[in-house]
Amino acid sequence: MSNAILDSALTRRALLGGGAAFTVLGFPVPFARFLPAGMQPVAFAQESGLPGKSGLSILSDRPVNAETPPHLLDAAVTAGERMFVRNNGLTPNVSAEDAANWRLTIDGEVDTPLDLSIGDLRSEFEEVSLQLQIECGGNGRKFMTPAARGNQWTFGAVSCANWTGVRLRDVLQRAGSKSTAIYTGHYGADIHLSGDPEKSPLSRGVPIEKAMEPHTIIAYAMNGGEIPILNGYPLRLVAPGWPGSCSQKWLTRITLRDREHDGEKMTGQSYRVPRYPVAPGTEVPDADMEIITSMPVKSLITAPQTGARVGANETFEVRGHAWAGDNDVTAMDVSIDFGATWTRAELSPPVNRFAWQHWRADISLPEAGYFEVWARATDDEGRMQPATQPGWNPRGYLNNLQHRIAVFAL
Ligand SMILES: Nc1nc2c(c(=O)[nH]1)N[C@H]1C(S)=C(S)[C@@H](COP(=O)(O)O)O[C@H]1N2
Ligand SMILES: [Mo]
């Protein structure tokens, strides 16, 4: 596989100069040598400037981090162009040929290590298609006070696409998972920001129980087509309901371990929260931090778009999605009076476990003026989204505060 990257015009030029194969959305570019330096292929020329993406807000471009404005997440199933991007390193440049030659290694605490092509995965294991939600552990970080360092995600680091692939469990059973296997370690083909091939930008893992959960899948397709390059083409893990970092993109290796994984961003303060509540701003020793598992209950208002104008006393629909990590959402409420009173919304069950759920309500605003619509989800253990930040933690994870939109009644 080529070590090329496509993250910026600058690196792309370097790549053209280096003579490496340059592709656009998986296609070779026969006249690549004539493409003026600094000119992006028009196929990439979306609003966001990211290949295959449209309408996303870019938080950073090296590494690429981009979130989706909530109103662009209105569809029941998230389209590739609307799927947020969270990269810790540089996107690998993967051609169709690279994908055809892709290998996935399964090793570590197994009886028989496996070396599989995507064709092997397709032909030797049962195929499953599931709608699975992926949310970055840092979604909502922007609303933590005092501020936590890291990408300042607001609400849009979440997606729910239809993923097709095979159960990780089936592949691990084929390899013969040993009784000593208690944790996984995941590796991908992305490149460390330093360019050092010895370093990995991200290598996380999950307890063996999560790996064996039938909704944890090795996906080779999304929404019936190729996985977008920025979201892991041609192969990724999807470990739904847990921090997105557990869902390794550009997946090349899963190793079974007899202890917790210690890869990049598994240790220290990464993807960890204090074992006990701390006052905002507290420094917490590493030893007192625990690894995040399930994401908390949360919801989004995807229509109307914030800032909408409606007629006073005119009925309009408010709708969106809600999800709760390993749990189900059991109630959804909306408020038009800053949370003083709440009205129950209609809520649909998930199409499968770990799919986000859809909700809707008909509301009207009693007179002309400025209003906010607030939305609040409750999970099957009675946990509810808070109006402001929940427990502060040093890295600003798990902020599931309520989503609010502005609505002007005329
Ligand atoms: N190989 C690799 N996989 C990765 C990452 C990464 O940087 N490299 N980022 C992780 C993080 S932190 C998140 S939140 C999700 C985001 O998935 P998406 O970019 O497809 O939306 O991918 C995860 N998988
Ligand atoms: Mo993430």
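This text walks through the ligand site and then the cysteines of a predicted model.

The side chain of arginine 236 places an N or O atom 2.6 Å from an oxygen atom of ligand 1. Lysine 249 also has a side-chain N or O atom 2.6 Å from an oxygen atom of the ligand. Glutamine 248 faces a nitrogen atom instead: an N or O atom of its side chain is 3.0 Å from that nitrogen of ligand 1. How much of the accessible area of ligand 1 does the protein cover? On its own, ligand 1 has 530 Å² of accessible area, and the protein covers 100% of it.

Turn next to the cysteines. How many disulfides does a search of the whole structure find? The search returns 0. Distance is the reason at cysteine 160. The closest cysteine sulfur to that of cysteine 160 belongs to cysteine 136, and the two are 16 Å apart, so they are too far for a bond. A disulfide would need the pair of sulfur atoms within 2.5 Å.

Are these two cysteines buried or exposed? Cysteine 136 is buried, at a relative accessible area of 7%. Cysteine 160 is buried as well, with 0% relative accessibility. Both values fall in the buried class because that class takes in residues under 20% relative accessible area.

Methods. Residues are numbered from 1 along each chain as its sequence is written. Chains are lettered from A and ligands numbered from 1 in the order in which they are written. This is a predicted model: local features need pLDDT of at least 70, side-chain atom pairs count only at pLDDT 80 or more; totals for chains, interfaces and linings use all residues. Side-chain values use heavy atoms; hydrogens and water are left out. Buried means under 20% relative accessible area, exposed over 50%, partly exposed in between (1.4 Å probe, protein chains only). A polar contact is a pair of N or O atoms within 3.5 Å; within protein, one must be able to donate a hydrogen and the other to accept it, and residues adjacent in sequence count only if both atoms are side-chain atoms. Accessible areas come from the Shrake-Rupley method with a 1.4 Å probe; for residues, only the protein chains shown count as cover.
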